[in-house]
Each structure stands twice: as C-alpha cells, then as structure tokens.
Amino acid sequence: IDSVFGEINARGSGLPAPTSSMRAGGPGSLVRYDDLGGEGQRFVNGSPTVQQISAYTGKPALAPIRIFVGLLNAPTAQQRAQLAVDELRRTGGLDRHVVVVSIPTGNGYVDPFIATAPELLSDGDVATVATQYSVLPSWLSFLVDQQAARTEADALLSAVTDAIAALPPDRRPLLVTCGESLGALGDQAPFSG
C-alpha cells in the first residue's frame, strides 16, 4: 500500500513549492514539498496574501502560516503530528493569536473556504495545521478504514494541545478545530467519551 500512497502523492498539484518559510514545503521546512501530495501542495499554496487580507479588513495584516504533513513525510500518525508541531514551532505558528487544527477529507483535501475564513477574520494572525491520513476519497476511506481519520485527528490535536499547554498562560493561542467530510468524523474522535 505504501507504493500506492507514493504513486498517488507523487502526482502532485503542478504548483511550485512555496517561497515563504511560513509554509510547509517552503524554505527551511522540515517536510519535503514533493511528499505533501497534490492536496497538501494546494493547501500550503492557497492562502490569501497580506495585501488581499488588508484589502478585505482595511487593517494591517500578517502572512498566514499553513502547515501540512503528508503520508510520505512520516510513517505514523504520531510522527506526522510531531512533525506538524515541529513545523508550527519553526514557523512561529505557536506565537499566532489563533491555531487551527484542520482534519482533511480522506484524500487530504482541506476546504479553501474553511482555511481562509479564520485568516481573513484574524488579519492573518493564524496558523493552520493539517496532516494526511489517506489518499482515498472520504466515501471509500469511510468504508475501508474510517479509523485512520480518528487516529490522525487524535494524534494531531493531542500534539498541538500539548505544545500550547507548555506555553505560559498569557502566550497561549486560541485553539480551533475543524474537519470536513470524513475529517469531520475524525475531528470528533478526541472529544468522544
């Protein structure tokens, strides 16, 4: 199955690697851009610019931080979650006002509207982080391995929560979680029971 992941993710998006160090796969990143898969590459390249955010809000803005860790970047959910937190630290994401943990659909898709809304509403003072748990569409992942979404969400949210809890109380960002499709099912897992 690893060869299937590799083949599907190797197709990529056709987009160039980010030039910003505040993006996974960009300069200084701990993850290889080629291993993000097409959906991860689209996600890290998709945020509005500082100019677009300022035009929308009428106020000065920061460049949003976007972190994505693909299946090929690390072999387990826990390792991908740790790598995502390491990327948050590297980019200064834990110093932002808001950290969004987004659980993608089965194939790694993060809805651009879900990701962009907090970036616009917080003047770009946000870091959004997601990790990939499958290359299959949500409906197929749901049938063959819906536990992967739950495991991924639990690992990522736990790692990010621990990183935020380690900060002094007055420096902790607001933590928001979201998910779409199978990602919504996964996003509920850390809160069950």
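Six of the six residues of β2 (residues 98-103) are buried, so the strand is largely enclosed by the rest of the structure.

This is a predicted model: local features need pLDDT of at least 70, side-chain atom pairs count only at pLDDT 80 or more, and totals for chains, interfaces and linings use all residues. Residues are numbered from 1 along each chain as its sequence is written, and side-chain values use heavy atoms, without hydrogens and water. Strands (E, at least two residues) and helices (H or I, at least four) are DSSP runs, numbered from the N terminus.

## Neighbouring strands

Strands pair if DSSP finds at least two bridges between them. Four bridges join β2 to β3 (residues 126-131), and the two run parallel. Here V100 has T128 as its bridge partner. Six bridges join β2 to β4 (residues 174-179), also in parallel. V98 stands opposite L174 in β4.

## The nonpolar core

The largest nonpolar core has 38 residues. Such a core is a set of buried Ala, Val, Leu, Ile, Met, Phe, Trp, Tyr and Cys residues joined through side-chain atoms within 4.5 Å. V101 and V160 are among the members that touch the most others. Helix α7 gives the largest share, 10 residues.

Beyond its neighbours within four places in sequence, V160 is in contact (heavy atoms within 4.5 Å) with V85, L88, V99, V101, V129 and L175.

Definitions and conventions. Buried means under 20% relative accessible area, exposed over 50%, partly exposed in between (1.4 Å probe, protein chains only).
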